Amino acid sequence: MKQEIDKSNIPAHIAIIMDGNGRWAKKNGSMRVKGHQHGVKSVREVTEAAGELGVKYLTMYAFSTENWSRPEYEVTALMHLLVSTIRKEARNLNKNNIKLMAIGNVESLPSVCQKELNEAIKLTKDNTGLNLVLALSYSGRWEIVNATKKIAEDVKAGKIDADKLDDNLFASYLETGVKGIPDPELMIRTSGEMRISNYLLWQIAYSELYITDTLWPDFNKEEFNKAILSYQQRERRFGKTSEQLSKVN
Ligand code: IPE
Ligand code: IPE
Ligand code: MG
């Protein structure tokens with residue numbers, strides 16, 4: 001399958017909603033937490049596949065603002081898993097020239113998570129390969145409201161002119177804009193849910209969507225390649241007609 005992928009048309013940014021860990025666990029007769037643990041294996045595999053294909057940014061929805069309302073034991077287990085995974089993987093990421101980043105309300109995470117995360121971010125900050133972006137305590141609306149607050153402050157302080165506000169200036173205030181992360185060309189969601197769940201609301205305005213029934217712990221390199229192949233078969237028209245696109249000039 002890998003041979004069929006057009007290497008000259010790899011999305012620079014792929015965003016993933018990793019969903020279905022709980023259902024995977026239920027199907028296998030185990031606790032939800034087991035599903036999350038198995039999900040880490042998929043993260044590792046997809047990160048490796050993305051790096052090999054030359055994807056520049058991989059943004060993984062790991063924990064949403066809404067996920068704070070899950071049962072306390074599940075939230076605690078997820079935070080533990082985050083800490084232990086980063087602790088285990090940081091050196092490996094660094095060895096593979098991967099730069100770890102985070103978007104979201106990171107300050108709302110338990111301090112041990114913040115510490116582990118910040119150390120791994122610092123360790124990998126000069127790497128030039130894949131940028132692995134974790135969306136943590138993230139929600140698209142939170143990000144947009146936050147950006148708007150900062151814009152309002154800058155207008156008030158006379159740093160920017162409200163009349164000059166356009167798409168680009170607005171986007172530069174988002175978490176992604178501040179960190180230099182471009183909009184994703186491809187957005188993948190596992191487990192078959194046909195919704196966005198408050199993910200990258202601004203940034204996915206023109207992303208290609210790929211939704212698979214595969215549950216996240218079963219998602220692997222082959223599934224990832226399938227998503228890229230599907231992307232490569234799309235005609236991205238950006239409002240134009242198909243005829244306009246096929247014209248040489
Ligand atoms: C995704 O799997 C992981 C997180 C949201 C943290 P879920 O835990 O949502 O799995 P399902 O949707 O219940 O199957
Ligand atoms: C989205 O999955 C959030 C993450 C993958 C982290 P959810 O399982 O929380 O989404 P909903 O609640 O089913 O929309
Ligand atoms: Mg879910």
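**View 1. The surroundings of ligand 2.** Around ligand 2 sit Ile17, Met18, Asp19, Tyr61, Ala62, Phe63, Ser64, Asn67, Arg70, Arg189, Arg195 and Ser197, where a residue makes the list if one of its heavy atoms lies within 4 Å of the molecule. Before going on, note that this is a predicted model, in which local features need pLDDT of at least 70, side-chain atom pairs count only at pLDDT 80 or more, and totals for chains, interfaces and linings use all residues. Residues are numbered from 1 along each chain as its sequence is written, chains are lettered from A and ligands numbered from 1 in the order in which they are written, and side-chain values use heavy atoms, with hydrogens and water left out.

Now for the polar contacts, meaning pairs of N or O atoms within 3.5 Å; within protein, one must be able to donate a hydrogen and the other to accept it, and residues adjacent in sequence count only if both atoms are side-chain atoms. The side chain of Ser197 puts an N or O atom 2.6 Å from an oxygen atom of ligand 2. Arg195 has a polar side-chain atom 2.7 Å from an oxygen atom of the ligand, and for the side chain of Arg189 the distance from an N or O atom to a ligand 2 oxygen is 3.4 Å. On its own, ligand 2 exposes 390 Å², and the protein buries 77% of that (areas by the Shrake-Rupley method with a 1.4 Å probe; for residues, only the protein chains shown count as cover).

**View 2. The surroundings of ligand 1.** Here the neighbours are Met18, Asp19, Gly20, Asn21, Gly22, Arg23, Arg32, His36, Ala62, Asn67, Arg70 and Leu78. Arg32 uses its side chain, with a polar atom 2.9 Å from an oxygen atom of ligand 1. Taken alone, ligand 1 exposes 380 Å², of which the protein buries 87%.

View 3. Helices (H or I, at least four residues) and strands (E, at least two) are DSSP runs, numbered from the N terminus. The 24 residues of α3 (72-95) should span 34 Å at 1.5 Å a residue, and the end C-alpha atoms are 35 Å apart, which agrees; the expected span is 1.5 Å times one less than the number of residues. Look for a kink of about 45 degrees centred on Glu89, the bend being the angle between axes fitted to the seven residues ending there and the seven starting there.

Buried residues of α3 include Val75, Leu78, Leu82, Ile86, Glu89 and Leu93. Buried means under 20% relative accessible area, exposed over 50%, and partly exposed in between (1.4 Å probe, protein chains only). An α-helix has 3.6 residues a turn, so residues three or four places apart point the same way. Cover for the buried residues of α3 includes α2 (32-53), β2 (57-64), β3 (99-103), α4 (111-124) and β4 (131-138).

View 4. Asn97 is found in the loop between α3 and β3. Its phi is near 65 degrees, a positive value in a residue other than glycine. With a relative accessible area of 28%, Asn97 is partly exposed.

View 5. Ser137 lies in strand β4 and counts as buried at 1% relative accessibility. Leaving aside neighbours within four places in sequence, its contacts (heavy atoms within 4.5 Å) include Phe63, Trp68, Asn105 and Leu109. Ser139 lies in the loop between β4 and α5 (140-156) and, at 4% relative accessibility, counts as buried too. A polar atom of the Ser139 side chain lies 3.0 Å from the backbone nitrogen of Trp142. Beyond four places in sequence, Ser139 is in contact with Tyr61, Thr65, Glu66 and Asn198.

View 6. Nine of the 12 residues of α8 (221-232) are buried, among them Phe224, Ile228, Leu229 and Tyr231. What covers these buried residues includes β1 (13-17), α2, β2, β5 (186-189) and β6 (208-211). At the start of α8, a side-chain oxygen of Asn220 reaches to within 3.2 Å of the backbone nitrogen of Glu222.
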